Amino acid sequence: MTINEGQQAVDQWIKTYGVRYFSELTNMAVLTEEVGELARVISRRYGEQSWKPSDPRGEDNGKAALGEEMADVLWVLLCLANQTGVDLTEELKKNLEKKTKRDKERHINNYKLK
């Protein structure tokens, strides 16, 4: 699925099952909440935090939860893009060009990354 197809699929789902988009402000709050949930999984899987009995981690030490939380973040980001008229495919292309122009030698020459 391309980014554009993702935006279209989310839009169709909202129109079919979701009644309407939440407001942009509500979706921004939901995005923040979802990023926090992703951070929780990452801190437990890769950081020093230990799993709580209530954490949804399954048999795979959180791998499924990691993907699920990433997809939740992406879902809300696609919603925000749709409702604000942003073509994320085009914006990602522009962002890659900007980063390449600005940083093409920056990271290669960073002694901290060697």
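Valine 19 sits in the loop that joins α1 and α2 (helices being DSSP runs of H or I of at least four residues, numbered from the N terminus). The model is a predicted one, in which local features need pLDDT of at least 70 and side-chain atom pairs count only at pLDDT 80 or more, while totals for chains, interfaces and linings use all residues. Residues are numbered from 1 along each chain as its sequence is written, and side-chain values use heavy atoms, with hydrogens and water left out. Valine 19 has a phi near 70°, a positive value in a residue other than glycine. With a relative accessible area of 77%, valine 19 is exposed (exposed is over 50%, buried under 20% and partly exposed in between, with a 1.4 Å probe and protein chains only).

Turning to charged pairs, the count comes to six salt bridges (a side-chain nitrogen of Lys or Arg within 4 Å of a carboxyl oxygen of Asp or Glu). One of them pairs aspartate 11 with lysine 15, whose closest N and O atoms are 2.8 Å apart. Both residues belong to helix α1 and are four residues apart, about one turn of the helix; lysine 15 is exposed at 57% relative accessibility. Lysine 94 and glutamate 91 also form a salt bridge, at 3.1 Å from N to O. These two lie three residues apart in helix α4 (residues 88-103), so about one helical turn separates lysine 94 from glutamate 91.

Arginine 102 and aspartate 103 meet at 2.9 Å, N to O, in another salt bridge. Here arginine 102 is partly exposed at 49%, whereas aspartate 103 is buried at 9%. Salt bridges link Arg102, Asp103 and Arg106 in a network.
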